[in-house]
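Open the model in a viewer and keep the sequence panel beside it. The stops below are meant to be selected in turn.

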Amino acid sequence: MVALNEIGSDLSRLGVKVAFAIHAYYPDVFEEILSYLADLPLNKKYFVTTVAEHEYRIRRALQASGQPFQLDIVTNRGRDVLPFWRIYPGIRTENFEYIIKVHTKKSPHLKNGSKWRDSILANLISPEAFLANFIAFKDDAGLGIICPEGFYLPIEAHLGPNEDRVLSIASRLGLTRSEVHQQGFCAGTMFAARVSALDPLLRLKFDDQEFEQEAGQVDGTLAHALERCMTLGTVRNSMRVAVTSNPTATAWFN
């Protein structure tokens, strides 16, 4: 394993400016994420969303981190997806070129939900993975999104009750059903991206009321449909998607 101080030196030389979009619904997991990020010595800012009941604990953790941050209080609606739509304009206004989107996923309906989250985070924000991912971004202007290894899935096989909404959103982007069916998505809506690769999708307008009230749904909501659409802006911009195990190659399905 490369020594952490060597990785830090390499990260500094990359000169990347990164926005971390974090939906912090579970404060204990958020504190774990901040401990991961403390090992990344680079120009970064945290754009964090949480619900009112956790504001004090989340704000205290952010202040203790010593990093610049923006904290927005949101209602418990639209999972991590609606909050992402609401903080994206601020990220764009501050001219960040890169973004890492993560959230405090617990997935209580899944037996191994915590293991999934830990695997995703290790693939995105461990120092070694982060360095490899951002070298790939720097070396290839056509690289749009990097999904965690094992979480890049074919859209066509995972449409389910989301099909009509996914195809409607794709149509708004100028994409056909055939084009959508050839693509994959980052399951769990956690990824690293070039901000311009997200622009076409995130500039679409959605009212808060279009997102269903939280009721423990496991599929079929607007948030689930948009999860499957996160890579479509990349397609619209003729950019490519990769996975963390090989960010220099175009991702495909096993």
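This is a predicted model: local features need pLDDT of at least 70, side-chain atom pairs count only at pLDDT 80 or more; totals for chains, interfaces and linings use all residues.

Residues are numbered from 1 along each chain as its sequence is written, and side-chain values use heavy atoms, with hydrogens and water left out.

**The sheet**

Select the seven strands that form an open, mixed sheet in the order β3-β2-β1-β4-β8-β5-β9. Strands here are DSSP runs of E with at least two residues, and helices are runs of H or I with at least four, numbered from the N terminus; two strands pair if DSSP finds at least two bridges between them. At the edges are β3 (69-73) and β9 (240-243), each pairing on one side only. From one strand to the next, the twist averages 20°. Axes are lines fitted to C-alpha atoms, for helices over the stretch in contact, and angles run from 0 to 180 degrees between N-to-C directions.

Now select β5 (residues 143-147), which runs parallel to β9 and is joined to β9 by four bridges. L143 has R240 of β9 as its bridge partner.

**Helices on the sheet**

Next, show α6 (residues 127-139), which packs on the sheet and touches β1 (17-23), β4 (98-103), β5 and β8 (191-194). Contact means heavy atoms within 4.5 Å. The direction of α6 makes about 160° with that of β5. Helix α9 (residues 195-202) lies across β4, β5 and β8, at about 95° to β8.

**Helix α4**

Move to α4 and centre on I87, where the helix bends by about 35°. The bend is the angle between axes fitted to the seven residues ending at a residue and the seven starting there. Among the buried residues of α4 are F84, W85, I87 and Y88; buried means under 20% relative accessible area (1.4 Å probe, protein chains only). Just after α4, N95 has a positive phi of about 60°.

**The cysteines**

Where is the one disulfide? Select C147 and C186, whose sulfur atoms are 1.8 Å apart; a disulfide is a pair of cysteine sulfur atoms within 2.5 Å. The link is left-handed, with -60° about the S-S bond. C147 lies in β5 and C186 in β7 (residues 184-186), 39 residues apart. Finish at C229, which is in no disulfide: the nearest cysteine sulfur, that of C186, is 12 Å away. C229 is buried, at 0% relative accessibility.

Key. Buried means under 20% relative accessible area, exposed over 50%, partly exposed in between (1.4 Å probe, protein chains only).
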